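Me: Please take a close look at a single part of this model, a strand and what surrounds it. I would like one connected account.

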Amino acid sequence: VQLQASGGGLVQAGDSLRLSCAASRRSFSPYVMGWFRQDPGKEREFVACIRSSGLTTINTDSVKGRFTISIDNVKNTVYLQMNSLKPEDTAVYYCAASRRYYSSGSYYTQPSGYDYWGQGTQVTVSS
């Protein structure tokens, strides 16, 4: 299974973008899909994740109130709606999927909680 991320680009501060991530196989049914971001030289940072049930977890420190994650289970596509973008949101954004169940949701805020990764899409926010 491959994850294909798209929707990145160059925008100005205050603008919006919507990232999409589609799984290559329609029969693929991950338990959780998520978004991470990474700046060069930094660790991959958790942004948001969503279970197939629709339950979401957001990185409240950095994106709360601005980013929203959603999923279309029929299309096997997860979206990240990013509003009020800031220069510090500049990064490569990666989508990921996990078929593992963890009783603690905190595992899904770590890259090690995921089995599949997309290729990344660049988001650049100018001031």
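Reply: Ser70 stands opposite Tyr79 in β8. Strands here are DSSP runs of E with at least two residues, numbered from the N terminus. Strand β7 (residues 67–72) pairs with β8 in the antiparallel sense over 6 bridges, where pairing requires that DSSP finds at least two bridges between two strands. The two strands form a hairpin with 4 residues between them, and Asn76 in the turn has a positive phi of about 55°.

This is a predicted model, in which local features need pLDDT of at least 70 and side-chain atom pairs count only at pLDDT 80 or more, while totals for chains, interfaces and linings use all residues. Residues are numbered from 1 along each chain as its sequence is written, and side-chain values use heavy atoms, with hydrogens and water left out. The pLDDT, the predictor's confidence in each residue from 0 to 100, averages 93 over the protein, and 100% of the residues score at least 70. Mean confidence is lowest in strand β6 (residues 56–58), at 91, and highest in strand β2 (residues 9–12), at 98.

Strand β8 spans residues 77–82. Of its 6 residues, 5 are buried, buried meaning under 20% relative accessible area, with exposed over 50% and partly exposed in between (1.4 Å probe, protein chains only). β8 is also joined to β3 by 6 bridges, and these two strands run antiparallel. Cys21 stands opposite Val78 in β8. β3 in turn is joined to β1 by 4 bridges, again antiparallel, with Gln4 opposite Ala22 in β3.

Together these strands make an open sheet of 4 strands in the order β1-β3-β8-β7, with antiparallel pairing. β1 and β7 each have a single partner strand and stand at the edges, so one side of each is left without a neighbour in the sheet. Direction ignored, neighbouring strands of this sheet are turned by 15° against each other on average; the axes are lines fitted to C-alpha atoms, for helices over the stretch in contact, and angles run from 0 to 180 degrees between N-to-C directions.

Leu80 touches Leu17, Arg18, Leu19, Trp35, Val47, Ala48, Phe67, Thr68, Ile69 and Tyr93, not counting residues up to four places away in sequence; contact means heavy atoms within 4.5 Å. In the largest nonpolar core, of 26 residues, Leu80 is among those that touch the most other members, as are Leu3, Trp35, Val47, Phe67, Met82 and Tyr93. Such a core is a set of buried Ala, Val, Leu, Ile, Met, Phe, Trp, Tyr and Cys residues joined through side-chain atoms within 4.5 Å. At least two of its residues come from each of β1 (3–6), β3, β4 (32–38), β5 (45–51), β7, β8, β9 and β11 (121–126). Apart from it lies another core, of 8 residues, including Val32, Cys49, Tyr108 and Tyr114.

Cys21, the residue opposite Val78, forms a disulfide with Cys95, their sulfur atoms 2.0 Å apart; the cut-off for a disulfide is a pair of cysteine sulfur atoms within 2.5 Å. The pair links distant parts of the chain, 74 residues apart, with Cys21 in strand β3 (residues 17–23) and Cys95 in strand β9 (residues 91–98). The link is right-handed, with 55° about the S-S bond. Both Cys21 and Cys95 are buried. Cys49 is in no disulfide, and the nearest cysteine sulfur, that of Cys95, is 13 Å away.
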